[in-house]
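Here are my notes on this model, point by point. Please keep the structure open while you read.

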Amino acid sequence: MQEQLAAIVNEVETALVGIKTRPDFEAFKAKIVGGNGSLTAVMKQMGKLPKEEKPAAGKLINEAKRKIEAAFAATLAAIGDAELAARLGDPIDPTLPSPDDFEGRKHPLTQTREEICRIFSRLGFTIADGPELESEWYCFDALNTPASHPARDMQDTLFMPADTVSKDASKKADEAYVMRSHTSSVQIRTMLSGQPPIRIVAPGRCFRRDTVDATHSANFHQVEGLWVDKKVTLKDLKSVLDFFVREIFGTSVETRLRPSFFPFTEPSFEMDIKSQNLGALSGRWLEIMGCGLVDPKVFENVGIDPQQWTGLAFGVGLERIAMLVHGIDDIRHFYANDLRFLRQF
Ligand code: DAH
């Protein structure tokens, strides 16, 4: 019996190596432990043995059964693994990049803002910041903007009710607050917090009571620029802004400064550009920003001596630049969060 059992164990272990599928496995298993199986036949012999031989035989049979069951279990597990792998296809390598195009990217306005800041940083400008909820003084008075100016009208600017604002400890109770209508307020904050020479750009969000359409949004962005130094001239203004637009629109772009008015600059200009690379807008003069030399009144308001210091300032609309660069015809695309739009940049 010992030899018979050894032969069966040997047969099982050898045969299982070649068995790869569940039906083959089941058929083979039946040949060993089924009703007419070889191991079953040996076990049946037990009953015929003399009583004193039974314990030893039982022990041998149990040992053989344990080995055979372990071999069956291992084969079954291997078959299960193979079946799973076949269902899943190729082995998975979690370190490979996803085949789907789900990589994140920066919003076109963020890209444009970073590009503008990068260009001015090459001219020695650093980044400055200011609050979006701003006191009327920073937003208008200090910028020499009189009470009669239309921007001070409730219809143009989002004035905040005093009771909402005074809850914030950093705000003064007796001042009027507005959602800033431009980033020019950062000029004032910067000049009050440091001494000239100053060279900053201040990107940020602005708010106006505009009715939304293809070119207007109640919520938009600007990049403000301010350079205060000894003997800053119109020539500096023109060269700084020419450098900027050439970096953005290419060296073939033409520029002009068209006389204009802003309360905080004197003289004041609108800068226009003309380019042949702007699709439907090619070949036309397009207004892209306000600029000028800092009005001496503004220096006086922040305690800087206008006899000693001069300055240039400019304010450019971020959406305007991004729309021109990318040929975008509707400002509302920027805020719609539509991936079909955002994935194009
Ligand atoms: N703050 C102006 C606006 O929102 C833009 C502007 C014009 C900014 C002239 C300036 C400037 O710094 O010098 O319309």
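1. Start with the ligand and R208. A side-chain N or O atom of R208 sits 2.8 Å from an oxygen atom of the ligand. That pair is a polar contact, meaning two N or O atoms within 3.5 Å; inside protein, one must be able to donate a hydrogen and the other to accept it, and sequence neighbours count only if both atoms are side-chain atoms. Q222 also takes part: one of its polar side-chain atoms is 2.9 Å from a ligand oxygen. A313 uses its backbone instead, with a polar atom 3.2 Å from an oxygen atom of the ligand. The protein buries 89% of the 360 Å² that the ligand exposes when taken alone. These areas come from the Shrake-Rupley method with a 1.4 Å probe; for residues, only the protein chains shown count as cover.

2. A word on the source. This is a predicted model: local features need pLDDT of at least 70, side-chain atom pairs count only at pLDDT 80 or more, and totals for chains, interfaces and linings use all residues. Residues are numbered from 1 along each chain as its sequence is written, and side-chain values use heavy atoms, with hydrogens and water left out.

3. Now the largest pocket. Its space is about 1300 Å³. A pocket here is an open set of points on a 1 Å grid over the protein atoms alone, where a 1.4 Å probe fits, with protein on both sides within 12 Å along at least five of seven lines; lining residues have an atom within 4 Å of a point. Points are joined across faces, edges and corners, and the volume is the space filled by probe spheres set on them. The lining has 50 residues, and R208, F220, Q222, E287 and G317 lie nearest the centre. Strand 9 (286-294) is one of the elements that give two or more residues. Strand 9 gives the largest share, six residues. Strands (E, at least two residues) and helices (H or I, at least four) are DSSP runs, numbered from the N terminus.

4. What classes of residue line the largest pocket? There are 21 nonpolar, 19 polar and 10 charged residues. Ala, Val, Leu, Ile, Met, Phe, Trp, Tyr, Cys and Pro count as nonpolar; Asp, Glu, Lys and Arg as charged; the others, Gly among them, as polar.

5. The second largest pocket has a volume of about 180 Å³. Its lining includes H107, R113, Q222 and Y335. Helix 5 (108-121), strand 5 (198-207) and strand 6 each supply at least two lining residues.

6. Check the backbone too. Most peptide bonds are trans, and most residues other than glycine have a negative phi. The bond joining P196 and P197 is cis, with omega about 0 degrees. P197 lies in the loop between helix 8 (185-193) and strand 5. The bond from E266 to P267 is also cis, with omega near 0 degrees, and P267 is in strand 8. N144 is not glycine, yet its phi is positive, near 65 degrees.
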